[in-house]
Amino acid sequence: MNIVVCIKQVPETTEVKINPETNTLIREGVSSIINPFDMYAIEEAVRLKEKYTGTTTVITMGPPQADSALREALSLGIDEAIHLSDRAFAGSDTWATSLVLAKAIERLKNVDLVICGKQASDGDTAQVGPGIATHLNWPQATYVRKIDKIDLDNKKAIFERLLEDGYEVLEVDLPCLITVVKEINVPRMPSLRGKMKAKKQSIPVWGKGELGLKDEEVGLEGSPTQVVKIFTPPPRESGMIFDGEAHEAVDKLFGELRKHLL
Amino acid sequence: MRKKGIEVVKEKCVGCTLCIKACPFSAIVLKDKVAVIDLDKCTLCGACKEVCKFGAIIICKPQVVKQDLSQYTDVWVFVEQEENRIASVSFELLGKARTLAEDLNAKVVAVFLGCNIKNKAKQLIDKGADRVIIVDNKKLAHFTAETYGNVISHLIHKYKPEIFLAGATTMGRSLVSRIAVRIKTGLTADCTGLDIDKENRLLVQTRPAFGGNIMAQIITPSYRPQMATVRHKVMKELPADSARKGEIIEEPLNEELMDTRSRFIDFIKEEAYKVNLSDADIIVSGGRGLGAPENFKLVRELAEVLGAAVGASRAAVDSGWIPYSHQVGQTGRTVAPKIYIACGISGQIQHLVGMQSSKIIIAINKDPDAPIFKIANYGIVGDLFKVIPMLIKKIKENKGS
C-alpha cells in the first residue's frame, strides 16, 4: 500500500503574541512546527504501513526551511520525503497549493491513499485536502476519526467521519484522499534511529519544472483569490473581574449574565 | 516591464521598521537602513505594504485578462439539510444574501438538494430567497461531497451565479472546496464578514487567520462565482415572512452526475449532544480545574439550565473525562457562541484560538493570574465547586420571572 502524507510547516502558535503597543504580531524567534493535525496524518500513515506494508512518502509545499518539517516526519517513521519548493509557488492560495500537491502525487504514481490533517493551524481553511482530491479526480473522506477497514484486494476502504452531532460511516473506493482529526490516534515520539536516519536522508526538491507546471498556474497568478488587506482585530475590551466573597461575586455575575440572556 | 512579486523601492524607504513589525512571517530585516525582504519567507500577503507610510513597498500582481463577468448574476446560498432539517446557518446566510443582493440589484437563490424536500422550499422563500432551485431525488438522500459537488457545479455552469455562499460546517467545507477547484474560482474559508465593494462590484470577504490573531480581507477579482464559507452565528437570520413570494424551480437529477465512488453507510448520532457545539448560542466548557471526571457533571448541569452545549479544554479531553468531539481549541473545534463560560480553564493560547471570537466570555477560575481572565468580559476568581452550584441555583430561581 502506497501512502502519501501532505504536511505544512506552521509557526508554533503558542509563541505568537500580540505587541500591545503596536498591536501587531510578535514573531521574532517564533519556531516552526509541523501543523498539529498533520502529526496525526503522519502517525496514521506509519501505522497503516506497519499493517499492510508498502511505502510512505511525505510531501510539503514550502520555502527551503520547510526541509526541517520533512525531516521530522522521516524521524517519525515515514520512508521518503519530497520537498516542493519554487519561488514561483510563493503567494499561492488554496487553489494553486492543492494543484502543486496534486501534481506531485501524480508524479509519485501508484498511490493508494493520501492523508492530510483536517486543516492547518495558521490558515484554518480545510480547503487544501478536498482541493487535492478534486484536482486528482479522486473521492475523499474528510474529518476521519477512524479507519474501520481497508480492503486492498477490492480497492475499498471504510472510514468514520466526525461531524457536528455524531459520526458518519462512509465507504470509499481507493485511491482516495482523507483528512484526519486528532481522535484517530496518539502520535508516537521519534526514535533515536529515526532521527539519525532523517538527518542523513536526501530529500529531492521538485519545482515547477519537475511538476510540469507553468508560471501562470501557480503563485499569485494561479490563485483566484487575492489578499487585499491584513489587519489585527481590535483587542477585546478589558473585563470585569469579581474576586470577592463567592455569594457576592455570583450575584454580580448573574446580574451581568442576565442582560445578555435576554 | 516590472517583475512579478514584491519589491522595496530603496529611494523611498526611510528605514522606519514599521513593515518589519507588521510582517506576520518575519521575512523583513533592515540592512543598511533599508528594508530587505527574504523572498523565501515572504508569502506576498501584503501586510507590509499596508503599513508603509512612504509607498516604498510595491507588490506587482499579475495582470489578469479581464473576462466578461457580466453574465454572472445573483447570490446563491447552499442550503444544508440533514434528515430534512435545514441547518440554521443556511437561514443566516439567506439573511446576509439579501443585503448583498440588494447592493448588487440581484436575486437571492437557495440551492436545495435532498430527498422529499419540496415541502420545505417555501420556508426558504419566507426567510429571504427569491428563487429556490431544488434537486429532489432519493439518490440525494445522503450527502456525499462528490455527487453534491457534481450536481452543484453543473447548476453553476447552467445559471452562472455571481456569489456562492455555504456554511463553514463539515459539510460546507468538504463540498465547496471541490466545487471551487472544479470550476476554477476563488474560495474563502470561514468568513466572518461579507461586504460589497460597489465601485468594483466585488465581494469583500473578511476572515480570521492564526486563530483570530490576524484578520484578512480577500477578493476574487477575475473568476465567478465568488465563493465563501461563512461561520455560524455571525450573520443574522431574518424573521420568517410568509407573505414573501418566490419562484421554485425543480431541476431533474442528471444520472451522469452521480459519483458512486463514495457510498454513505450510516450516521450515528451522538446522544451526548443535546445541543450541538457549533450551533450553540451558549457553551459551558470545563477544564483541568474540575480535578476529576465525575466533576464534569457540574458543567453539564450548568449547561442544562442555560440550554447550552458542553465544551472542554484539551486537558480535560486528554485526561479522558469527556470525548474528543467536545474539545474546543486548536486541535479541536473553533466556536464563536454568544456566551462562552470557561470553568476551570486556565486559557492556554491553544484553547483561546478556538473560542476568542465568542461575543461574551465568562471565566471562573481560582487562579487570578490565569490568562483566561485577560480575554474574559466577566470573571469570578474563586472556587468553582462553590461558584457553579450557586450560579445554577440563581439561574433556576430566576427562570420563572
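Visitor: Let me start with a detail: which residue is the bridge partner of A:Lys146 in S10(A)?
Guide: That is A:Glu160. Please keep in mind that this is a predicted model. The pair belongs to strands S9 (residues 140-151) and S10 of chain A, which run antiparallel and are joined by six bridges.

Visitor: And what about the hairpin of S9(A) and S10(A), how many residues are between the strands?
Guide: Four residues lie between them, and in that hairpin A:Lys155 takes a positive phi near 55°.

Visitor: How many of the residues of S10(A) are buried?
Guide: Six of the eight residues in S10(A) (residues 156-163) are buried, so by the count the strand is mostly covered.

Visitor: What does S10(A) do with S11(A)?
Guide: The two pair in the antiparallel sense, over eight bridges. They also form a hairpin, with two residues between them.

Visitor: Which strand of chain B is joined to S11(A)?
Guide: Strand S17 (residues 262-269) of chain B is joined to S11 (residues 166-173) of chain A by seven bridges, and the two run antiparallel. Two pairs show this: A:Val172 has B:Ser262 as its bridge partner, and A:Glu168 has B:Phe267.

Visitor: Nice, a sheet with strands from two chains. What is the order of its strands?
Guide: It is an open sheet of ten strands with mixed pairing, and the order is S13(A)-S7(A)-S6(A)-S1(A)-S8(A)-S12(A)-S9(A)-S10(A)-S11(A)-S17(B). At the edges are S13 (205-206) of chain A and S17 of chain B, each of which pairs on one side only.

Visitor: Where do side chains go in a strand like that?
Guide: As a rule, in a regular strand the side chains alternate between the two faces of the sheet.

Visitor: Back to the two chains. How many residues does the contact take from each chain?
Guide: It takes 76 residues from chain A and 93 residues from chain B. On the side of chain A that touches chain B, helix H7 (residues 246-261) gives the most, with nine residues. That side of chain A divides into 36 nonpolar, 23 polar and 17 charged residues.

Visitor: Changing topic: how many helices and strands are there in chain A?
Guide: Chain A has seven helices and 15 strands. Its C-alpha trace spans about 65 × 40 × 40 Å along its principal axes, and 54% of its 262 residues count as buried. Of the contacts in chain A with a separation of 6 or more, 69% are between residues 24 or more positions apart.

Visitor: Which residues of H2(A) are buried?
Guide: They are A:Ala69, A:Leu70, A:Arg71, A:Glu72, A:Ala73, A:Leu74 and A:Ser75. Helix H2 covers residues 67-75, and seven of its nine residues are buried. After the helix comes A:Gly77, whose phi is positive, near 115°.

Visitor: Now chain B. How is it divided into domains?
Guide: Domain 1 is 5-60, domain 2 is 75-257 and domain 3 is 277-399. The centres of domain 1 and domain 3 of chain B, taken over C-alpha atoms, are separated by 41 Å. Chain B has eleven helices and 22 strands, its C-alpha trace spans about 70 × 65 × 45 Å along the principal axes, and 52% of its 401 residues are buried.

Visitor: Is strand S21 of chain B mostly covered or exposed?
Guide: Mostly covered: five of the six residues in S21(B) (residues 360-365) are buried. Strand S20 (residues 339-343) of chain B runs parallel to S21(B), with five bridges joining them, and B:Tyr340 stands opposite B:Ile361. S21(B) also pairs with S22 (residues 378-381) of chain B in the parallel sense, over four bridges; there, B:Ala363 has B:Gly379 as its bridge partner.

Visitor: Last one: what are the scores of the model?
Guide: The model scores ipTM 0.91 and pTM 0.88. For chain B the mean pLDDT is 91, and 95% of its residues reach 70 or more.

Definitions and conventions: Residues are numbered from 1 along each chain as its sequence is written. Chains are lettered from A and ligands numbered from 1 in the order in which they are written. This is a predicted model: local features need pLDDT of at least 70, side-chain atom pairs count only at pLDDT 80 or more; totals for chains, interfaces and linings use all residues. Domain bounds come from an automatic or database domain assignment. A residue is buried if 20 or more other C-beta atoms lie within 10 Å of its own, exposed if 12 or fewer, and partly exposed in between; C-beta atoms are placed from the backbone. Two strands pair if DSSP finds at least two bridges between them. Two residues are in contact if their C-beta atoms, placed from the backbone, lie within 7 Å. Ala, Val, Leu, Ile, Met, Phe, Trp, Tyr, Cys and Pro count as nonpolar, Asp, Glu, Lys and Arg as charged, and the others, Gly among them, as polar. pLDDT is the predictor's confidence in each residue, from 0 to 100.
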